[in-house]
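Subject: Structure handover

Hello,

The structure is below, with its sequence. My notes on what was found follow.

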Amino acid sequence: MALPGPAATRAAVRLCRIAASASSYLPSAAADGRRELELPFALVAERGMVVGGHRGMGMNAVGAPPGARFGAARERENTLLSFGRAAAHAAVAFVEFDVQVTKDGCPIIFHDDFILTQGTGAVHERRVTDLLLEDFLSYGPQRESCKVSKPLLRRAGDGRVLNWTTEDDDSLCTLQEAFQRVSPRLGFNIELKFDDSIMYHRKDLQCALKAVLQVQSFPLLRIELSKVVFEHARNRPVFFSSFHPDAAQMMRELQSLYPVLFLTEGGTSKHHDPRRNSFDDAVRVCLEYDLHGIVSEARGVLKNPSAVARAQESNLALLTYGQLNNVWEAVYIQYLMGVHGVIVDRVEEISDAVAGFGLGKPGLGRGGAGVDGAKTHQAQAFSQQQLGFLLRLIPELIEQRH
């Protein structure tokens with residue numbers, strides 16, 4: 001499996017559109033009839049792989065022991081504090097975060113479908129999209145000392161409800177605030193979040209997506225912006241992603257300025273919607289709906305190495321997410337396979353490692369000895385036998401580092 005070639009680089013360049021000004025031209029039509037976005041995303045060309053921070057500096061898994069490789073971020077996830085710290089790392093190209101729309105039509109940043117707090121002798125649970133914006137912002141730390149905050153709880157993977165505490169806390173926030181207050185050099189991967197247990201009508205999806213697009217920090221979609229907001233957001237790389245195939249298709253139809261990627265578990269779990277059950281299904285969805293790429297669970301790619309070639313042949317960008325992306329050796333394998341980017345929780349460690357890959361020094365920044373350029377070139381192609389050995393080794397690496 002070769003390192004990213006020209007076709008792979010062209011696909012990767014579709015990740016983010018840099019909006020130059022309100023008078024910028026619309027994307028031109030590609031030779032194959034699909035729109036080519038003018039996306040000078042230099043980091044991809046220079047390094048062959050970009051790193052995105054999962055929900056900022058990493059997600060919070062309640063009950064995770066300090067120092068765990070997954071879910072133990074110091075900062076509260078999906079907050080301005082977490083995004084700001086990710087922006088301070090030059091090797092971090094973007095942050096991935098989850099956007100839902102409140103009952104009164106405001107796009108907010110929050111992952112879970114339900115938000116929990118402690119009431120009088122009981123846990124109170126509300127669906128996030130049933131809350132008004134004011135209600136949503138009343139959970140967790142408050143920016144104004146005169147306001148009473150509702151303590152945040154979270155359901156653990158085993159079903160227990162635990163206090164959701166972090167070492168460095170911050171208030172919940174809106175999408176608008178993120179655009180206004182986070183450095184514009186940091187890209188935004190906006191995941192359009194919908195509950196898997198709900199069958200959404202088309203009009204409900206459209207209403208939510210239009211609310212996201214009406215946020216005043218999308219300069220090329222709302223020309224009447226105030227100058228302050230426009231100047232702040234105009235150069236930020238932005239792309240959308242969603243596990244919901246219809247939402248991804250609809251976002252692509254509603255606008256053509258920002259790339260839309262399809263999220264998939266890559267065949268690692270089954271869904272009622274057959275479009276979500278394999279990497280090949282994801283490729284078909286992208287081609288049918290004219291999407292720009294795939295964000296796959298890393299296991300779906302590592303267990304199916306030919307997936308990278310299929311994405312490249314289809315001119316699709318390919319990113320991955322998941323626990324394996326917190327092990328630099330697993331990320332290095334993906335780099336050699338030609339994956340364009342990884343979304344990670346161990347943001348500092350993995351971004352430093354990836355910065356070393358392009359120098360022929362995997363392990364750079366973590367005390368690793370590294371390899372020289374000649375060895376890097378020798379590793380450009382893995383046999384199936386070699387790759388199988390590495391894939392068997394990865395679970396052991398994860399266990400050793402917990």
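D195 sits in the loop between β11 (187–192) and α6 (202–213). Please keep in mind that the model is predicted. The relative accessibility of D195 is 7%, so the residue counts as buried, the cut-off being under 20%.

Two polar contacts of the D195 side chain are listed here. One goes to the side chain of R127, at 2.7 Å. Another, of 2.8 Å, joins D195 to the side chain of S197. Neighbours within four places in sequence left aside, the residues in contact with D195 are D113, F114, R127 and Y200. As for F243, 48 residues separate it from D195 in sequence, and the C-alpha to C-alpha distance between the two is 9.7 Å.

For the chain as a whole:

- There are 15 helices and 16 strands.
- The chain has 402 residues, and 54% of them are buried.
- Of the contacts with a separation of 6 or more, 67% are between residues 24 or more positions apart.
- The accessible surface is about 17300 Å², with 52% of it belonging to carbon and sulfur atoms.

Regards

Methods
Residues numbered from 1 in each chain as written. Predicted model: local features only at pLDDT ≥ 70, side-chain atom pairs only at ≥ 80, totals over all residues. Heavy atoms only, no water. Helix = DSSP H or I, 4+ residues; strand = E, 2+ residues; numbered from the N terminus. Buried < 20%, exposed > 50% of the residue type's maximum accessible area, 1.4 Å probe, protein only. Contact = heavy atoms within 4.5 Å. Areas by Shrake-Rupley, 256 points an atom, 1.4 Å probe, with all protein chains shown as cover. Polar contact = N/O pair within 3.5 Å; in protein donor to acceptor, adjacent residues only side chain to side chain.
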